[in-house]
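User: Please examine the structure below and discuss its pockets, its strand pairing and its nonpolar cores.

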Amino acid sequence: MTDRTGQCLCGRVQFTLSAEPQMTRVCWCRDCQHLASNGTVNALVPADALSFSGEVAEFRKLAASGNELTRQFCPNCGSQLFAYSSARPQLRVVRIGNLDDPSSVTPIMNIWASSAPSWACMDASLQRLEQQPLPPASSHP
């Protein structure tokens with residue numbers, strides 16, 4: 001695979017993905033709607049396949065599952081960049097809109113569809129899950 005690169009809106013945080021995403025999906029949970037005023041497109045990648053330069057700030061929140069979610073963003077421009085769960089520290093969520101070539105990955109599903117607003121535009125060809133999917137099989141120890 002060819003490395004994928006990306007950056008935040010102001011360019012102070014730059015990153016490289018050195019592995020193929022294990023899963024790419026459009027998330028319609030209420031948290032993602034607060035982040036983007038829409039659904040967000042996210043890729044799950046192994047934590048060791050993500051490298052970045054620049055400072056990131058963090059926001060932590062307890063999820064309905066009881067797991068702690070950490071979201072990482074640029075403290076200068078506010079771009080949402082990465083996230084991870086205390087339940088799966090070996091994985092990182094990468095916000096696809098920050099890739100230099102966001103078309104280099106394709107979502108396979110809509111998740112938390114039950115939380116989507118009535119006007120949400122969901123690709124009917126993608127798998128639809130009403131809530132959270134199970135993590136990728138390869139993420140289990």
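User: How much space lies in the second largest pocket?

Analyst: This is a predicted model, in which local features need pLDDT of at least 70 and side-chain atom pairs count only at pLDDT 80 or more, while totals for chains, interfaces and linings use all residues. Residues are numbered from 1 along each chain as its sequence is written, and side-chain values use heavy atoms, with hydrogens and water left out. A pocket is an open set of points on a 1 Å grid over the protein atoms alone, where a 1.4 Å probe fits, with protein on both sides within 12 Å along at least five of seven lines. The volume, taken as the space filled by probe spheres set on points joined across faces, edges and corners, is for the second largest pocket about 200 Å³.

User: Which elements give two or more residues to the lining of the second largest pocket?

Analyst: Lining residues have an atom within 4 Å of a point, and for this pocket they include L35, A36, T40, V41 and G78. Elements are DSSP runs numbered from the N terminus, with at least four residues for helices (H or I) and at least two for strands (E). Those that give two or more residues to the lining of the second largest pocket are α1 and β4.

User: Where does G78 lie in the strand pairing, and what phi does G78 take?

Analyst: Strands β7 (residues 68–73) and β8 (residues 80–85) pair in the antiparallel sense over five bridges, where pairing requires that DSSP finds at least two bridges. G78 belongs to the hairpin of β7 and β8, which has six residues between the strands, and its phi is positive, near 85°.

User: Which residue of β9 is the bridge partner of A83?

Analyst: β8 and β9 (residues 91–95) pair in the antiparallel sense over two bridges. They form a hairpin with five residues between them. In β9, the bridge partner of A83 is V93.

User: Which residues lie nearest the centre of the largest pocket?

Analyst: About 690 Å³ of space lies in the largest pocket. Its lining numbers 28 residues, and those nearest its centre are A63, L69, R88, W112 and Q132.

User: Which residues touch the most other members of the largest nonpolar core?

Analyst: A nonpolar core joins buried Ala, Val, Leu, Ile, Met, Phe, Trp, Tyr and Cys residues through side-chain atoms within 4.5 Å, buried meaning under 20% relative accessible area with a 1.4 Å probe and protein chains only. Of the 15 residues in the largest core, those touching the most other members are F15, L17, L50, L81, F82 and V94.

How values were computed. Buried means under 20% relative accessible area, exposed over 50%, partly exposed in between (1.4 Å probe, protein chains only).
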